[in-house]
Amino acid sequence: MTAAQRRWLLLAPAVAILACVAAGPLLVMLVYSFLEPGEFGGVRPAFSLDAWFSVLFARDMFDPEIVEPNIAHLAILWRSVSLALQTTLVCIVLGFPTAWFIATRPRGTRELWLFLVTIPFWTNLLVRTFAIQEVIRNRGLVNTLLMQAGVIDEPIQMLYTDFAVLVGMAYVFLPLMVLPLYAAMERVDRRLLEAARDLYASRWRMFREVVLPLSRPGLVAGSVLVFIPAIGAWVTPRLLGGGRNLMLGNLIELQFGQGRNWPLGAALSMTLLALVLVALLVYLRAVDPDTRRRDHG
Amino acid sequence: MTTDTPATVRVAGLTRVFGDGGHAVRALDNVDLQVKGGEFFTLLGPSGCGKSTLLRLLAGLERPTAGTVHIDGRDVTALGPDRRPVNTVFQQYALFPHLSVADNIGFGLRMLGWSRSDRAARVYEMLALIQLEGLAARRPDALSGGQQQRVALARALAPAPRVLLLDEPLSALDVKLRREMQDELKRLQRETHVTCVFVTHDQDEALALSDRVAVMREGRICQVDTPAGLYEAPADAAVASFVGDASFLEVELLDTADGQATVRLPGGSVVRAVLAAGGTARGGDRVTAMVRPERVQVGAPGDGALEATVEEARYEGGTTRLRLCLDDGTTLFARAGAAPAWQPGARVGVTLPDGALRVLPA
Amino acid sequence: MADTGRSAVTRIPGFTAAALLTFVLLYVPIATLVVYSFNAAPSMSRWDGFSLQWYEAALQNRQVREVALRSLWLALAAGTMATLVATLAALATVRGGRFRGRTMIHALINQPLMVPEIVTGVALMVVFSVVRVRTGYDGMAYLVLAHTAFCIPFAYLPVRARLETLDPTLAHAAADLYASRVRAFLHVTLPLLWPGVLAGFMLAFVISLDAVVITEFVKSAGQDTLPTWMLGQLRRVVTPEMNAVATLLLGVSMLAVTAFFLLSRRRG
C-alpha cells in the first residue's frame, strides 16, 4: 500500500460521513432553491427563479406586473444583520477589556481566568438562554430587585423584545470574542507598551496606538466568530424574542413548516450562507497581512 | 565634557522594594548618584544587582518606594514616563512590529504633537545619523539585529531627550556586531552630546564605552569611578574581581604611610604596595592584597620572590593567560608575552614589583 | 501595596473594572439558575429556604428521565464515532506532509463549524425526509449520523493539535527498532496521542449534548433529546423543576469541560 493510498483510506470514513451529511445536503438545498414549491411542502422538479426572486421582491397581489420590494423579508434581513452587528459590538466592548485583563495576569493565573470564561461557553445553549430568561423575565431577577428597591412599580417588559435577543446572543457568544482576542494579546510584548509610554504616549494613546493595532487579528477573528452564529441564530430569537421578532433563521424554518415553500426556504438558507461567506472573506482579507507579519516576527 | 556642568541626573535615597511582608525584596537600597551633562555613565553589575530597576526608575516606568529623581534640576519623581525628558533603548529593542522604521522613529514626535512635515524632516535626519536611509519603509521584522538596534537608538534619540537610557542594548547581538555597535554608540553620543545612562553586566563593554562607571551589587552602589580608576584602584575585593581579572593574596601588613604600605609576601620577601582608601588595618595585621595579571612578572624558577607551578596556560592571541598556583596554595593570574614555553606543570619564579599590589580594606 | 509600580505604567484605565464586571455578568445568570433550583418557593420573588423538591420532581418525571437518557447515549455514540473518524483523519492530514486536496479536506472537515446550524438543520431534514420515504426506516440512526458529522471538527481540533506537537521521529525510531507499522502506532503514537483523543471525545460529547437546532430538525416524533425537550418547555410557563434540570445539565457540562481542560494541559 502506498502512502497516498493509506492516507485516503484513513480519510475515507470522515469524507464519507461529511459528504453525505454535511456537504451533500447543502448541494440539495442549492438545487431546491431553483425549483417550484410542491403543494403540500416539498418541491416539483421544474426550474424556477421565483424563490430567489421573492427573497427580496414581491408581486402586487392584484397586478403581478407590479414588482415591489418584499418589505417583510427586508425587515427581517435587516433585523438579523443589525442584531448580529450589535451583538458583535457588545461582545467587543465587554470582551476587549476582559481579554486584556486575562492576558496581563501573571502566567500562573491566566489559565484559571480563561477557564472561567470557557465554562459558560461549554454550558448547554438552552441552559444559558434559560438563565437569561430567568434574569430578565417580568418576575425575574432584575425586575424583582428593582421593584423591591422601589425603583419601579411595574415590571419592565424585557423578555420577548429585540433587546432580550441582543442580551441573550451577547451572553452566549461572548467567549467566542474573548478567546481569539486573548490569543492575540498574549503575544503582545509588554515592553512595547513601556516603549510607547516612554515615547510620550499617555495611557489612552498607548492603548490606541499599540494595544489596539496589535490586538487587531484577534479582534477581527473574534468579530467573525461572533457574527456568524449571531446572524444564523435560531434558538435565541425563538426563546427570547417575541412572535414578531423574527430573525432570518426563524424565517427559514417558517418556509419548511407552515409556509410550505421549500424553494424559498432553500433560497433564504443560501442567502444566509452567502452572508456568512461574506463575513469570512472580510476576515481573510483583514487577517492575511497580519499572519504574514507574525510569521516573520 | 567639562566637570562643572550641573548634574543632569540626580538621584537621592532611591529605594525600590518589590513584594511586601515577608517576601519583600529590596531591589534598590538607598542609592545616591549624580550623572553629569553629556556624560556616558554606566551601571555595571551582575544580574539582579538592581541596575535595571534603577534605570526603570529613571525612565519613570516604575515608582520608587522612597527617594527622589531629579533631571536637569527638576524633581520628576512623581511624573510618569510620558512626562519625563528621557527616552529608553530597550533590551531586545521593543520596536513596534506594526509600524514601519520611519513610523517607529517618528512615534515619540507624533505623541509630542509635531507636525507631519517637521516629523518627516527629523526622521530623515535620524535615518541619516544611523545610516539606514534606504530602509525607512521596512517593518522591523525585515531588519537584521544590528539594524533593529540602530532603529531603536534612533527612535529614542529622535525626540532629543535630555538623557538617553540604554538597558543592555547590545546583549542580543553576537560578539563581532557588538564591537561594531559599541563604536557606533560612541559615535552617536559624540555627535548628539546626549547624556547616556547605560546598563550592562559586561565589564569589557562598560570599560570600553564609559566616562564613568557605577559598580552595583545587591541593590547598592559599591564604587563610582572612571574605567581606569576602577581597574587600577578598586574600592574593594568585589569591585576588583568584577572589573577585570584580579588575584588576591593574603599578606602581612608591616607599615603604612601616605597611602603606601610595606607588606610581607607569603614567601617572606617584602615589597611596597598601594594602600586603598578606607582601610583601618595597621602594622602586623593580615590583610588581602589584589594584583592585576599584567603586573605579575613570570620568569625561570628561582628568578623571583615567589615560586609557583603553572596550572593552565591559555593562548589568547598576542598574550598568554597563565593560571599559577603559589606554593602556599594561592591562585595567581598572570599575563605573559606571545607564546612562552611554559606548559601546565612547569615551575616558575614570580616577581611582584613595588606598587603592583594593592591592599584592600577588610 | 508595594508592587503596584510595574503594572501601573501600562495599565489601561477602567479595563480591570470592566473585565471584572464582565465576569459578574457571565456568572450572575448561571448563579441565579443554580440558587433558585434549591428554592423551596415556586417563584423568584421570595426565598422559602433550601429544598431539593425540584430535583426530586425532575428525577421522578418519566419524560425527563427518558429524554436525558436518550441525550446521553446519543452523545456517547456520536462522540465516539466522531472521535474515531476524526482521529483517523488527523493521522492522514498531519503526517506525511502536504498533498493534493488537503485544502478541500480541511474545508470539508470544518464545514459544520462555518455553516449556520439552521441551514444544516433544514438541509438534513429535507434529505432525510426523502430517505425516510424511500426506506421506511425511522430510527435513531439519522440523529447519530447528523450528530457525528457535526462533532467531527470539534474532535478533530485537539487530536490534530496533539499530533502536531508529537515528534514524528519517535515513530521512525520505533520502526528502526523493528516494530511493525501497526505496532509502532499502538505502542508509540497512540499512547502519546491518547490525551488528545480523550480531549477530542470530551469536546464532541459536550457538543452533541448541546446540539439543539440540528436535533430539532432531524428528530422524528418520540425522539426528543434533553435540549429539544427543554426547547419545547421554555416557550411555555416554566416551573422551578426546569431550574433543577438545567442545573444538572450544567453540572454534566462542567465536569466534561474540566476533564477537557485537564487533559489538554497534560504534556506528552
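**One arginine, then the chains around it**

Guide: C:R70 sits in helix α4 of chain C, which covers residues 62-94; helices (H or I, at least four residues) and strands (E, at least two) are DSSP runs numbered from the N terminus. The model is predicted, so local features are given only at pLDDT of at least 70 and side-chain atom pairs only at pLDDT 80 or more, while totals for chains, interfaces and linings use all residues. Residues are numbered from 1 along each chain as its sequence is written, chains are lettered from A and ligands numbered from 1 in written order, and side-chain values use heavy atoms, without hydrogens or water.

Is C:R70 buried or exposed? Its relative accessible area is 14%, so C:R70 is buried; the classes are buried under 20%, exposed over 50% and partly exposed in between, with a 1.4 Å probe and protein chains only. Leaving out residues up to four places away in sequence, C:R70 touches C:M140, C:G222, C:Q223 and C:D224, where contact means heavy atoms within 4.5 Å.

The size of an interface is often given as the accessible area lost when the parts come together. For chains A and C this buried area (the accessible area, 1.4 Å probe, that two parts lose on being put together, summed over both) is about 7,600 Å², and carbon and sulfur atoms give 77% of it. The A and C pair does have 14 residue pairs in polar contact, both residues at pLDDT 80 or more. A polar contact is a pair of N or O atoms within 3.5 Å; within protein, one must be able to donate a hydrogen and the other to accept it, and residues adjacent in sequence count only if both atoms are side-chain atoms.

Chain A itself has 297 residues, 54% of them buried, arranged with twelve helices and four strands. Its C-alpha atoms fill a box of roughly 75 × 70 × 40 Å along the principal axes. Of its contacts between residues at least 6 apart in sequence, 63% join residues at least 24 apart.

The contact of chain A with chain B takes 19 residues from chain A and 28 from chain B. It buries about 2,200 Å², with 60% from carbon and sulfur atoms. A:D198, A:L199 and A:Y200 supply 35% of the area that chain A buries there, more than any other three residues. Between chains A and B the counts are three salt bridges and seven residue pairs in polar contact, both at pLDDT 80 or more. Helices α8 (190-198), α9 (203-231) and α12 (262-296) of chain A each supply at least two residues to the side that touches chain B; α8 of chain A gives the most, with seven.

A:R197 and B:D82 form a salt bridge, with the closest N and O atoms 3.2 Å apart. A:R197 lies in helix α8 of chain A and B:D82 in the loop between β5 (74-75) and β6 (86-89) of chain B, so this pair joins two chains. A:R197 is buried, at a relative accessible area of 4%. The side chains of A:E209 and B:R110 also meet in a salt bridge, at 2.9 Å from N to O.

Over all chains the count comes to 36 salt bridges. Within chain B, B:E184 and B:R150 form one, with N and O 3.7 Å apart. B:E184 is in helix α5 (residues 175-192) and B:R150 in helix α4 (residues 145-157) of chain B, so the pair ties together parts 34 residues apart in sequence. Both ends count as buried: B:E184 at 9% relative accessibility, B:R150 at 17%.

Note on methods
Salt bridge = Lys/Arg side-chain N within 4 Å of Asp/Glu carboxyl O.
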